[in-house]
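Take a look at the sequence and the model below.

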Amino acid sequence: MILVLAESALELVPRELWRHPAVLADARRRGKRPGEILLDRARHHPAMSGLVDAERRGRPDIVHQVLLVFQYSLHTRRGMGRAYIHTRDGYVIAVDPRARIPKNYNNFVSLVEQLYALGRVPPRGEPLMELRREGLGDLLGELGGRWVVFHESGSRKPLYEIGVDVLNSVVVVGGFPHGDFENRWLLERAAARYSLGEESLDAAQVVCRAVAAAEAAAGLV
Ligand SMILES: C[S@@+](CC[C@H](N)C(=O)[O-])C[C@H]1O[C@@H](n2cnc3c(N)ncnc32)[C@H](O)[C@@H]1O
(Lines give C-alpha, C1' and ligand atoms only; values in the text may rest on other atoms or scores of the structure.)
Protein backbone atom coordinates (compact mmCIF):
# COMPACT_ATOMS: atom_id res chain seq x y z
CA MET A 1 0.00 0.00 0.00
CA ILE A 2 1.23 3.40 -0.92
CA LEU A 3 -0.23 6.02 1.40
CA VAL A 4 -0.78 9.58 0.26
CA LEU A 5 -1.80 11.86 3.12
CA ALA A 6 -3.37 14.67 1.11
CA GLU A 7 -3.74 18.40 1.82
CA SER A 8 -1.98 17.89 5.16
CA ALA A 9 -2.08 20.71 7.69
CA LEU A 10 1.72 21.02 7.74
CA GLU A 11 3.60 24.20 6.85
CA LEU A 12 6.17 26.65 8.18
CA VAL A 13 4.76 29.73 9.93
CA PRO A 14 3.60 31.99 7.07
CA ARG A 15 5.22 35.39 6.66
CA GLU A 16 2.11 37.34 7.76
CA LEU A 17 2.45 35.84 11.27
CA TRP A 18 6.18 36.33 11.76
CA ARG A 19 5.74 39.42 13.92
CA HIS A 20 2.94 38.12 16.10
CA PRO A 21 4.02 37.97 19.80
CA ALA A 22 2.94 34.31 20.18
CA VAL A 23 5.11 33.29 17.22
CA LEU A 24 8.06 35.49 18.20
CA ALA A 25 8.05 34.12 21.76
CA ASP A 26 7.95 30.52 20.53
CA ALA A 27 10.71 31.09 17.97
CA ARG A 28 12.91 32.84 20.54
CA ARG A 29 12.41 30.07 23.08
CA ARG A 30 13.52 27.55 20.47
CA GLY A 31 16.45 29.63 19.18
CA LYS A 32 15.03 29.81 15.65
CA ARG A 33 13.63 32.45 13.32
CA PRO A 34 9.81 32.64 12.98
CA GLY A 35 10.00 31.45 9.36
CA GLU A 36 11.94 28.34 10.40
CA ILE A 37 9.35 26.83 12.72
CA LEU A 38 6.25 24.79 11.97
CA LEU A 39 2.85 26.42 12.33
CA ASP A 40 1.18 24.68 15.26
CA ARG A 41 -2.24 25.61 16.57
CA ALA A 42 -1.33 24.37 20.04
CA ARG A 43 1.46 26.98 20.23
CA HIS A 44 0.25 29.72 17.90
CA HIS A 45 -3.49 29.78 18.48
CA PRO A 46 -3.70 33.54 19.24
CA ALA A 47 -1.75 34.32 16.06
CA MET A 48 -3.98 32.20 13.84
CA SER A 49 -7.32 33.96 14.39
CA GLY A 50 -7.02 36.14 11.27
CA LEU A 51 -5.38 33.52 9.07
CA VAL A 52 -7.19 32.42 5.89
CA ASP A 53 -8.54 28.87 6.19
CA ALA A 54 -7.21 28.76 9.78
CA GLU A 55 -9.36 25.81 10.86
CA ARG A 56 -7.58 23.56 8.35
CA ARG A 57 -4.02 24.66 9.18
CA GLY A 58 -1.32 24.22 11.82
CA ARG A 59 -1.79 20.55 12.76
CA PRO A 60 1.59 18.78 12.33
CA ASP A 61 0.42 16.37 15.05
CA ILE A 62 -1.94 14.77 12.49
CA VAL A 63 1.03 13.93 10.25
CA HIS A 64 3.00 12.69 13.26
CA GLN A 65 0.22 10.35 14.41
CA VAL A 66 -0.32 8.96 10.91
CA LEU A 67 3.39 8.33 10.34
CA LEU A 68 3.74 6.55 13.68
CA VAL A 69 0.88 4.20 12.74
CA PHE A 70 2.14 3.63 9.21
CA GLN A 71 5.92 3.44 9.62
CA TYR A 72 5.91 1.05 12.59
CA SER A 73 3.26 -1.28 11.13
CA LEU A 74 4.28 -4.84 10.22
CA HIS A 75 3.21 -4.05 6.67
CA THR A 76 5.71 -1.21 6.28
CA ARG A 77 8.44 -2.92 8.31
CA ARG A 78 8.16 -5.82 5.83
CA GLY A 79 8.77 -3.36 2.98
CA MET A 80 5.19 -3.37 1.61
CA GLY A 81 4.40 0.27 2.39
CA ARG A 82 5.53 3.69 1.37
CA ALA A 83 4.17 7.04 2.56
CA TYR A 84 3.97 10.43 0.88
CA ILE A 85 2.82 13.50 2.75
CA HIS A 86 1.28 16.11 0.47
CA THR A 87 0.95 19.48 2.18
CA ARG A 88 -1.77 22.05 1.62
CA ASP A 89 0.82 24.56 0.38
CA GLY A 90 2.16 22.34 -2.39
CA TYR A 91 5.02 20.26 -1.05
CA VAL A 92 5.48 16.51 -0.99
CA ILE A 93 7.49 14.67 1.65
CA ALA A 94 8.63 11.23 0.48
CA VAL A 95 9.21 8.96 3.46
CA ASP A 96 11.50 5.96 3.15
CA PRO A 97 9.92 2.81 4.64
CA ARG A 98 13.01 2.47 6.87
CA ALA A 99 12.61 5.93 8.39
CA ARG A 100 12.21 5.65 12.14
CA ILE A 101 9.90 8.53 12.93
CA PRO A 102 10.66 10.10 16.35
CA LYS A 103 8.02 8.96 18.81
CA ASN A 104 8.38 12.18 20.76
CA TYR A 105 6.32 14.98 19.16
CA ASN A 106 8.85 17.76 19.83
CA ASN A 107 11.61 15.69 18.23
CA PHE A 108 9.35 15.05 15.23
CA VAL A 109 8.75 18.80 14.83
CA SER A 110 12.51 19.48 14.95
CA LEU A 111 13.11 16.80 12.31
CA VAL A 112 10.52 18.26 9.93
CA GLU A 113 11.94 21.76 10.45
CA GLN A 114 15.36 20.39 9.52
CA LEU A 115 13.75 18.82 6.44
CA TYR A 116 12.32 22.20 5.39
CA ALA A 117 15.72 23.83 5.92
CA LEU A 118 17.80 21.22 4.06
CA GLY A 119 15.35 19.49 1.70
CA ARG A 120 16.33 16.10 3.08
CA VAL A 121 17.17 14.28 6.30
CA PRO A 122 19.64 13.11 7.28
CA PRO A 123 21.79 15.76 5.55
CA ARG A 124 24.28 13.15 4.31
CA GLY A 125 23.95 9.54 3.18
CA GLU A 126 20.77 7.96 1.92
CA PRO A 127 17.81 10.29 2.60
CA LEU A 128 15.08 8.91 4.87
CA MET A 129 12.80 11.86 4.17
CA GLU A 130 12.91 14.16 1.17
CA LEU A 131 10.98 17.37 0.57
CA ARG A 132 10.11 18.63 -2.89
CA ARG A 133 7.75 21.15 -4.44
CA GLU A 134 5.05 19.12 -6.13
CA GLY A 135 1.28 19.22 -6.54
CA LEU A 136 -1.08 16.39 -5.68
CA GLY A 137 -2.00 15.72 -9.33
CA ASP A 138 1.64 15.32 -10.34
CA LEU A 139 2.36 13.05 -7.38
CA LEU A 140 -0.59 10.76 -8.13
CA GLY A 141 0.35 10.71 -11.83
CA GLU A 142 3.89 9.72 -10.93
CA LEU A 143 2.53 6.92 -8.74
CA GLY A 144 0.61 5.43 -11.68
CA GLY A 145 -2.52 7.56 -11.92
CA ARG A 146 -4.80 5.11 -10.09
CA TRP A 147 -5.84 5.66 -6.49
CA VAL A 148 -8.53 4.81 -3.96
CA VAL A 149 -9.81 7.31 -1.40
CA PHE A 150 -11.07 6.88 2.12
CA HIS A 151 -14.02 9.18 2.53
CA GLU A 152 -17.09 9.37 4.75
CA SER A 153 -19.40 9.20 1.69
CA GLY A 154 -17.71 6.22 0.02
CA SER A 155 -19.06 2.67 -0.13
CA ARG A 156 -19.20 0.88 3.20
CA LYS A 157 -17.61 -2.56 3.01
CA PRO A 158 -16.09 -4.91 5.57
CA LEU A 159 -12.31 -4.53 5.86
CA TYR A 160 -11.67 -8.09 4.63
CA GLU A 161 -13.38 -7.21 1.32
CA ILE A 162 -11.20 -4.19 0.60
CA GLY A 163 -7.90 -5.56 1.93
CA VAL A 164 -6.47 -6.79 -1.38
CA ASP A 165 -7.32 -3.53 -3.16
CA VAL A 166 -5.89 -1.44 -0.31
CA LEU A 167 -2.71 -3.55 -0.20
CA ASN A 168 -2.10 -3.09 -3.93
CA SER A 169 -3.21 0.52 -4.36
CA VAL A 170 -2.28 4.10 -3.78
CA VAL A 171 -4.53 5.03 -0.84
CA VAL A 172 -5.49 8.66 -0.26
CA VAL A 173 -6.53 9.96 3.18
CA GLY A 174 -7.05 13.60 4.14
CA GLY A 175 -4.37 15.06 6.43
CA PHE A 176 -6.50 17.98 7.63
CA PRO A 177 -8.58 18.40 10.82
CA HIS A 178 -11.88 19.74 9.44
CA GLY A 179 -13.91 19.89 6.25
CA ASP A 180 -13.42 18.04 3.00
CA PHE A 181 -10.85 17.70 0.22
CA GLU A 182 -10.42 20.98 -1.66
CA ASN A 183 -9.30 19.00 -4.72
CA ARG A 184 -12.73 17.58 -5.59
CA TRP A 185 -11.29 15.69 -8.57
CA LEU A 186 -9.60 13.38 -6.05
CA LEU A 187 -13.02 11.90 -5.26
CA GLU A 188 -14.43 12.12 -8.79
CA ARG A 189 -11.49 10.33 -10.45
CA ALA A 190 -10.77 7.77 -7.72
CA ALA A 191 -10.92 4.09 -8.74
CA ALA A 192 -12.88 3.45 -5.51
CA ARG A 193 -14.13 5.37 -2.48
CA TYR A 194 -14.26 3.47 0.78
CA SER A 195 -16.16 4.57 3.87
CA LEU A 196 -15.68 3.49 7.47
CA GLY A 197 -19.08 4.93 8.40
CA GLU A 198 -20.74 8.31 8.25
CA GLU A 199 -19.02 9.57 11.38
CA SER A 200 -15.75 11.38 10.75
CA LEU A 201 -12.66 9.66 12.15
CA ASP A 202 -9.18 11.02 12.79
CA ALA A 203 -6.78 10.39 9.92
CA ALA A 204 -4.64 8.10 12.12
CA GLN A 205 -7.71 5.95 12.91
CA VAL A 206 -8.44 5.62 9.20
CA VAL A 207 -4.84 4.75 8.34
CA CYS A 208 -4.77 2.22 11.18
CA ARG A 209 -7.80 0.44 9.67
CA ALA A 210 -6.36 0.59 6.14
CA VAL A 211 -3.09 -0.90 7.37
CA ALA A 212 -4.96 -3.63 9.27
CA ALA A 213 -6.91 -4.50 6.10
CA ALA A 214 -3.70 -4.62 4.05
CA GLU A 215 -1.88 -6.72 6.66
CA ALA A 216 -4.72 -9.25 6.75
CA ALA A 217 -4.74 -9.45 2.94
CA ALA A 218 -0.97 -9.98 2.94
CA GLY A 219 -1.29 -12.77 5.52
CA LEU A 220 0.75 -10.83 8.08
CA VAL A 221 -1.85 -11.04 10.86
C1 LIG B 1 -10.28 14.15 10.24
S2 LIG B 1 -10.85 13.65 8.69
C3 LIG B 1 -11.12 15.15 7.81
C4 LIG B 1 -12.09 16.08 8.47
C5 LIG B 1 -13.49 15.58 8.59
N6 LIG B 1 -14.12 15.50 7.29
C7 LIG B 1 -14.28 16.52 9.51
O8 LIG B 1 -14.87 17.49 9.03
O9 LIG B 1 -14.20 16.31 10.73
C10 LIG B 1 -9.41 13.07 7.90
C11 LIG B 1 -9.60 12.13 6.73
O12 LIG B 1 -9.87 10.83 7.20
C13 LIG B 1 -10.68 10.14 6.26
N14 LIG B 1 -11.92 9.78 6.96
C15 LIG B 1 -12.41 10.34 8.09
N16 LIG B 1 -13.53 9.72 8.47
C17 LIG B 1 -13.75 8.74 7.58
C18 LIG B 1 -14.76 7.74 7.43
N19 LIG B 1 -15.76 7.65 8.28
N20 LIG B 1 -14.65 6.88 6.40
C21 LIG B 1 -13.62 6.95 5.53
N22 LIG B 1 -12.65 7.87 5.61
C23 LIG B 1 -12.71 8.76 6.61
C24 LIG B 1 -10.91 11.07 5.08
O25 LIG B 1 -9.91 10.82 4.11
C26 LIG B 1 -10.70 12.42 5.75
O27 LIG B 1 -10.31 13.41 4.81
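## Terms and model

Two strands count as paired if DSSP finds at least two bridges between them. Strands themselves are DSSP runs of at least two E residues, numbered from the N terminus. The model is predicted.

In general, strands of a sheet pair through backbone hydrogen bonds, either parallel or antiparallel.

Strand 1 covers residues 2-8 and strand 2 covers residues 82-87. The two pair in the parallel sense, over five bridges. Ser8 of this pairing stands opposite Thr87 in strand 2.

## The antiparallel side

Which strand is joined to strand 3 by five bridges? The partner is strand 5, residues 129-133, and strand 3 spans residues 91-95. These two strands run antiparallel. Tyr91 has Arg133 in strand 5 as its bridge partner.

Strand 5 also takes part in an antiparallel pairing with strand 4, residues 120-121. Two bridges join strand 4 to strand 5. Here Val121 stands opposite Met129 in strand 5.

## Two backbone details

Val121 has another feature. A cis peptide bond joins Val121 to Pro122, with omega about -10 degrees. Pro122 itself is found in the loop between strand 4 and strand 5. Val121, on the other side of this bond, is the residue opposite Met129.

The other detail is at Glu7, which lies in strand 1. Its phi is near 55 degrees. That is a positive value in a residue other than glycine.

The ligand sits in the largest pocket. Strand 6 (147-156), strand 7 (170-174) and strand 8 (192-195) are the elements that give two or more residues to the shell around the ligand. Strand 6 gives the largest share, three residues.

What is the make-up of the shell? It divides into nine nonpolar, seven polar and two charged residues. There are 18 residues around the ligand, and Phe150, Gly179, Leu196, Gly197 and Glu199 come nearest.

## Polar contacts and cover

His151 has a backbone N or O atom 3.3 Å from a nitrogen atom of the ligand. Glu152 uses its side chain: an N or O atom there is 2.9 Å from a nitrogen atom of the ligand.

How much of the ligand's accessible area does the protein cover? On its own, the ligand has 570 Å² of accessible area, and the protein covers 89% of this.

How values were computed. Residues numbered from 1 in each chain as written. Predicted model: local features only at pLDDT ≥ 70, side-chain atom pairs only at ≥ 80, totals over all residues. Heavy atoms only, no water. Helix = DSSP H or I, 4+ residues; strand = E, 2+ residues; numbered from the N terminus. Near = heavy atom within 4 Å. Polar contact = N/O pair within 3.5 Å; in protein donor to acceptor, adjacent residues only side chain to side chain. Areas by Shrake-Rupley, 256 points an atom, 1.4 Å probe, with all protein chains shown as cover. 1 Å grid on protein atoms, 1.4 Å probe; cavity = no way out; pocket = protein on both sides within 12 Å on 5 of 7 lines; lining within 4 Å. Sits in = over half its atoms within 2 Å of the grid points. Nonpolar A, V, L, I, M, F, W, Y, C, P; charged D, E, K, R; others polar.
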